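Have the model open beside you, and let us walk through it together.

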Amino acid sequence: MVDSTIVLNGQTIAYSIYAVVIILLIAWFGYKITKTGKAGVLKTRLFTALVIFLIVLGVSLHITTNLTIPWVSIDLNRDNITPDEVINISVANHKFILPEEKLSVKAGEIVLFDVTSEDLTYGFGVFRQNGSMVCQMQVVPGHRNDLMWEFETPGIYTIRSTEYSGPKGHQMILPDVLEVTE
Amino acid sequence: MTYKETLINGTKGLFKPDGLTPMQKMALRFVVVGVLFYGLTAIEGMIMRMYQIEPIAGMNSKHFFAIMTAHPLVGIFGSSYLTVFGAFLFLVPFLMKKPLWSIKLGNWSFILITFGTLTFWFSGFITHYAPLYTLYWPLPADFTQFNPVGGAIFILGIAIVMVGTIFFVINIFKTIAYTPEGHEKVSGRAMLASATGFSWKESIFRRKSKRRDNLVSLPVAAVARGTVDTLLNAGIITFTGVLILVYMVAAIFGYNLQDTAVDALLYKNWFWWGLDLIADGLVLIFVAGTWYLLAQLITGKDLYMARIARLALWVELVVSWTVWSHHLLADQAQPAILKIVSGEFVTAFELITQGLAFFIVLVTLWSARPLKMTNPLKFLLGGLLGFGLAVPAGIIQADIGLNRILHNTQWIIGPHVHVAILVGLVMTLYSAVYYLDWQFRPELFKRISV
């Protein structure tokens, strides 16, 4: 499975290019409409083509990502996949309770984080050393919160809550608690 | 003239409050206080940014999160609601060439929304009640972190805002439906059906020769359709407030109600269904309608593809009722079918409806070139750019794969939320504010009659 950094960087580049294009388009448009020229109206056929383009774009974006981002199929089929390792974590009173002091998983193996909340709605996120996020899910009390993930890159990772749970919530950080080995 | 004199008396002393009509006074109250709340929101935002870089002396984390809770609510209700409601309470009767159903009720909307906003703001400031605007259950009723009295006052403030909002809804629908004395009697039901879009089949699928005319203009239809979402949202927020209030009142009187009595995921679905009626409903519909109005005012021409624009507003209304699940893509207990259908594919329709509005406005402007680059036109282009940037950013987040690595990051609050509001919504509103002297320039509106 690819590291989520690759997807994140690809998405950042794609959106940045789009942002520059749309800013330039509006700037060009603002300049051109102040100038004398042919004030033609878009033909109905072209307008229809635009509508079809927008529909295809909107729908194909999700089909493309669902087929190409590897963790989507794992996530949607996780009930039918047997994980290589299951890590049960509970959260209560703004504290993560881990099965062991330090967690260790192997790169390339499928791990299932099964997190339960005893009181509030929390988040569960895995973070790299540089502070960027690998993956996350919500931790809702009274429900099963299971995140299946395959780590690509060995290293040391941090677990922290990614959902606001009151002023105490920002302290919910377990630094360097997860090691991914070769 | 000094700055103070200009502020009080207007440029070159042209502001003559004694000569204003009750309608103008009411609209100005809404807009001026809305802009003041916008200033408060902007200051709060800058304080929070500074605090995140380096903690500010005398301000602890509890106060920080109290600001973070009040900040979006002051921005939405205190600023955006007041400005939009003031403009629409003026615009709808003006376009329909009849008086507002009740100026008194309009003024009460203003008073209640202003007072309610100040109430929840002060409650947050003093008691630090801070469950954040998402109010995820059972956090708002977590009395180990929050004072129930402070929370009850906070919720009361929100409830007062909602009462003011419902008054606005009544006033808008009544104004559309009623027939003033001396006017030819028109069916109120037919007017409302035309305005909200439930008679849309009449103009889309019938043969051209048999099509009936729309009873209200496109901008009025946009206001009416956005107001439907405003009503539904007010109902959800009010019900939620009452629910939370029950727990708070019980705690104040020493009773501890089981906080697990409400299913957290069901509550989350319920809450996001209602809250999304603002972000993915009334904001988009109101903004599109305002763009259409501005495009016609600036160009003096009919809107390009006006019938399609009217249909797109109706589609946007229906879509806004079915997209809430994109806020629950990171909730593993949420059914996958809801994530895919509601969270991804129906949400993608916002790209289509907003994209259509974007291009319809651009084509209308293009058809009237050369145009003078006036302030309204500048702000309109800014508003279009804001949503041109923010809507695709939201669609990217509303994707199962990307949500896993973007949810609750700066991505959504930066490129999506703040660009949509600060660039898209605010610039659109500022463009509209330039036409506040509507009543003195009726010639501008001749083309926007039915």
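This is a predicted model: local features need pLDDT of at least 70, side-chain atom pairs count only at pLDDT 80 or more; totals for chains, interfaces and linings use all residues.

Residues are numbered from 1 along each chain as its sequence is written, and chains are lettered from A and ligands numbered from 1 in the order in which they are written.

Let us begin with chain A, which is divided into domain 1 (4-68) and domain 2 (83-181); such bounds come from an automatic or database domain assignment. The C-alpha centres of domain 1 and domain 2 of chain A lie 37 Å apart.

Next comes the place where the chains meet. Chain B brings 61 residues to the contact and chain A brings 61 residues, where two residues are in contact if their C-beta atoms, placed from the backbone, lie within 7 Å. On the side of chain B that touches chain A, at least two residues each come from α3 (61-96), α9 (264-299), α11 (336-366), α12 (375-397) and α13 (400-406). Helices here are DSSP runs (H or I, at least four residues), numbered from the N terminus. Of these, α11(B) gives the most to that side, with 14 residues. By residue type, the side of chain B that touches chain A divides into 40 nonpolar, eleven polar and ten charged residues. In this scheme Ala, Val, Leu, Ile, Met, Phe, Trp, Tyr, Cys and Pro count as nonpolar, Asp, Glu, Lys and Arg as charged, and the others, Gly among them, as polar.

Now turn to helix α6 (residues 188-196) of chain B, whose buried residues are B:Met191, B:Ser194, B:Ala195 and B:Thr196. A residue is buried if 20 or more other C-beta atoms lie within 10 Å of its own, exposed if 12 or fewer, and partly exposed in between, with C-beta atoms placed from the backbone. The buried residues of α6(B) pack against α5 (148-177) and α8 (218-252) of chain B. Just after α6(B), B:Gly197 takes a positive phi of about 105°.

How do α5(B) and α8(B) themselves pack? Their angle is about 155°, and their axes are 8 Å apart; axes are lines fitted to C-alpha atoms, for helices over the stretch in contact, and angles run from 0 to 180 degrees between N-to-C directions. α5(B) and α8(B) are therefore roughly antiparallel to each other, a term for angles over 145 degrees. The residues of the contact of α5(B) with α8(B) divide into 24 nonpolar, six polar and no charged.

The loops of chain B hold some backbone details to look up. A cis peptide bond joins B:Trp137 and B:Pro138, with omega about 0°, and B:Pro138 lies in the loop between α4 (103-127) and α5 of chain B. Another cis peptide bond joins B:Arg369 and B:Pro370, with omega about 5°; B:Pro370 lies in the loop between α11 and α12 of chain B.

Finally, B:Lys97 has a positive phi of about 55° although it is not a glycine, and B:Lys97 is found in the loop between α3 and α4 of chain B. B:Lys97 counts as exposed because it has 12 C-beta neighbours inside 10 Å. B:Asn408, also not a glycine, has a positive phi of about 60° and sits in the loop between α13 and α14 (410-433) of chain B. With 18 C-beta neighbours inside 10 Å, B:Asn408 counts as partly exposed.

Note on methods. Angles under 35 degrees count as roughly parallel, over 145 as roughly antiparallel, 65 to 115 as roughly perpendicular and the rest as oblique.
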